[in-house]
Amino acid sequence: MTAFLQKRAFASLISLMGLVVLVFFLSRLTGDPTTLYLPVDASLESREQFRELHGLNDPILVQFGRYVGDLVQFDFGMSIRRSAPAIDVGLQAFVWTLQLALITMTLVTVAAIVIGSLAAFHIGGVFDRIATFFSLIGASAPDFWIAIISIVIFSVGLGWLPTSGTGTVWHWILPIAVLFIRPFGLILQVVRGSMVSTLSSAYVKTARAKGLRNKPIIFVHALRNAMLPVITVIGDQAAALLNGAVVVETIFGFPGVGKLMIDSILQRDFTVVLAAIMVTAVAIFVMNILIDILYAVLDPRIRY
Amino acid sequence: MADHLLEVRNLSVDFHTAQGTVHAVRDVSWHLDRGETLAILGESGSGKSVSASAIMNLIDCPPGEIVSGELLFDGQDLLKMTDDQRRDLNGRRIAMIFQDPLSHLNPVYTVGFQISEIMTAHGSPKDEARARALELMERVGIPNAADKIDSYPHEFSGGQRQRLMIAMALGMKPDILIADEPTTALDVTVQAQILDLLEELQAETQMGLLLITHDLGVVAEVADRVVVMNSGEIVETGTATQVYHNPTHPYTKQLIGAVPGTGEMAEPMDTAIKPILEINKMGKKYGAFTALQDASLTVLPGETVAIVGESGSGKSTLAKTLLRLEDATSGEALYQGRDLVTMDAAELFALRREIQMVFQDPTQSLNPRMSVYDIISEAFVIHPEILPKEKWTARVQELLEQVGLNASHMYRYPHQFSGGQRQRIAIARALALEPKLIVCDEAVSALDVSIQAQVITLLNRLQEELGLSYLFIAHDLPLVRDFAHRVVVMQGGRIVEQGPVAQIFDAPRETYTRNLLAASLHPDPEVQAARRAERQDLQEAV
């Protein structure tokens, strides 16, 4: 297992390096920062000064080299727009996103597993039909639309919840509810499908022949086997949330990493973009390793 | 009322499928007493497992429907009980073991947990259940049970897994044990051990044993009485000896006639002929593991050489290295004087025409999305020099007729054929390339006895007509006895003995061969009783 973790960490490091290269050069392709930072009528001298100050006159490879050198020391540079180190800005936003993602995915996982398992057990029944109907709607509804509609209904119409921002528990309810819907629908479908096949497996037949009750048959014998494909999808969905739920964070004015990235890209605040990307990338790599470990925990046949 | 421990009266079960209603069993009646072994004998689709599933409440309704009948256990009709009452009987008073223990044990829980669970589910405290689980594991012969109790099913061998299933079933000392094909997936020597274990346990506990099987040998070995089923109906009942020696129903007669191992043995071929295949000291290693070592054998033109051995003996490795599906690590395989092991890709491609293979499971070896015509004519696509395209249709028709299939069915798909017919398609596909040698890897093992006999007849006829040689890999000794000219016995990657079929079966030199022969089951209960005595003598000698 230790050898596996080392191998995975090393592979992740290589991917991270690839990411650094890709992001640095791609962000330079979006345009010259001086035209964006300085007024349109800025003089050539002031432009030149700006370039000199931020090292933008050096050949791009030199700029890149300097950047990598700083990165190794976890120095992403200062944000040009905010007078704070880029890494601090990125981490701050990431903590918000992490909380949002953790709460949402925990709720999604528990709900999808319980409802999906029961739907699979009563396949074709009323409960299954209702669950399938709503999960399909959930999986296919666009979240920006749900976000706006829910603001219209719950904040503007009924006045129960705040429209945007943070501060109280009430501020969290709408973003979580909106982010919940799509992964819930998707994961519920995967749980249901996976459970339908494990419930018809030979070892479930054995469990029935042993005289077990339905609850241990579903939640002990079938579920653990059914979880393997489900975990893959959960990981995928969690990664999407960790990357920043851009649309939802923007609509609800939630100070997460998704909103930060969009803002920084529009402002050509490269250091913050890169810091935010590296923070989320590391988080996703860590999560993937955790998922691999979870596989091995759930299935004793998997040994690394 | 309560004359018998278990009595099935006039049971009829239907399955409602998209293709219509299937009458799985019709008006079936039988009974089982304490301490007795009843075998339900039948081929696939005979409905032999359905009444057992009905007893265990394992039939899903729908699509199943119990149309009529009574299942009297201790005088009480199971069908009139609530689900909770039946669940309470399951595992506690009536237990069941299944054919394939690997898939019937949950892969993600320890065997200790799974054995104790049957007891905790019926009210035993956890620590008591675990202690009894350990005791049971020791009783069924798991070595170092105390160390193995927290191991997972995949860490045991096939025979041990079936022992664990038995241990689990015995947790609550049931009155009845239902065993559904308990030894079908096991090697013969392991099969004999499991059947011995079941008999011992039955003598200890006086439980009624209901054995569902397709194998007359198993019936002869353990059954007191036998119920023969065909197409959902009971065609014959009686003691095992009665039914074998005096079958009254034509189906039973046909079934007994089809059982291999009683016919004439083939005369050895003239060894002066130049062999078509000569394998010298072939070996195959996977890392540090030696799968095949110093294997040497020859095959003459028109000869059938059987390779027998238990799982892990290296017989499939031999076939795979011969066909270059795996590369041999040492030795040579001379096909008409040319070495297959060192041959380059182009030469090998040309030669693949002459050596063909027929696999065990035709359901898996035929592409389900290709029609029979496509499957067979693909040979001509790959080797276009065989036949111009305008003659393909006629040749496919000819091949289908040659293997006993209706030529007009060539645009059908594999799922529209029965298991035996699919294996005929696989044989036709092999013949399309006009091979001289066909490697049959357990080619008839998945088929019912009567179908098996038909396919063997076909292989024999093709050998006569086309002068084919067969390398016939099998674990079923009686079948080999009737079919092969020469027999090669393998164990642990080595050839332990080889010779003409009569020599191997009538005068085996090696202990391993003798053990193997003694463990294989004979359909005649009297012959089998003698064989069992011999087997036990051999065991005591060890």
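This is a predicted model: local features need pLDDT of at least 70, side-chain atom pairs count only at pLDDT 80 or more; totals for chains, interfaces and linings use all residues.

Now extend the selection to strand S1 (residues 6-17) and strand S4 (residues 64-73) of chain B, which pair in the antiparallel sense over 8 bridges.

Next, show the whole sheet. Its 4 strands run in the order S2-S1-S4-S5 (chain B), and the sheet is open with antiparallel pairing. Strand S2 (20-32) and strand S5 (76-77) of chain B are at the edges; each has a single partner strand, so one side of each lacks a neighbour in the sheet.

Colour chain B by domain. The assignment gives domain 1 as 34-46 + 85-257 and domain 2 as 277-501. Taken over C-alpha atoms, the centres of these two domains of chain B are 34 Å apart. Where they touch, 8 residues of domain 1 of chain B are in contact with 7 residues of domain 2 of chain B. On the domain 1 side, select helix H8 (188-205) and helix H11 (250-258) of chain B, each of which supplies at least two residues. That side comprises 2 nonpolar, 4 polar and 2 charged residues.

Finally, bring in chain A. Contacts link 17 residues of chain A with 22 residues of chain B. On the chain A side, helix H9 (202-209) and helix H10 (214-242) of chain A are the elements giving two or more residues. H9(A) contributes the largest share, 6 residues. By class, this side of chain A has 6 nonpolar, 4 polar and 7 charged residues.

Notes. Residues are numbered from 1 along each chain as its sequence is written. Chains are lettered from A and ligands numbered from 1 in the order in which they are written. Domain bounds come from an automatic or database domain assignment. Two residues are in contact if their C-beta atoms, placed from the backbone, lie within 7 Å. Ala, Val, Leu, Ile, Met, Phe, Trp, Tyr, Cys and Pro count as nonpolar, Asp, Glu, Lys and Arg as charged, and the others, Gly among them, as polar. Two strands pair if DSSP finds at least two bridges between them.
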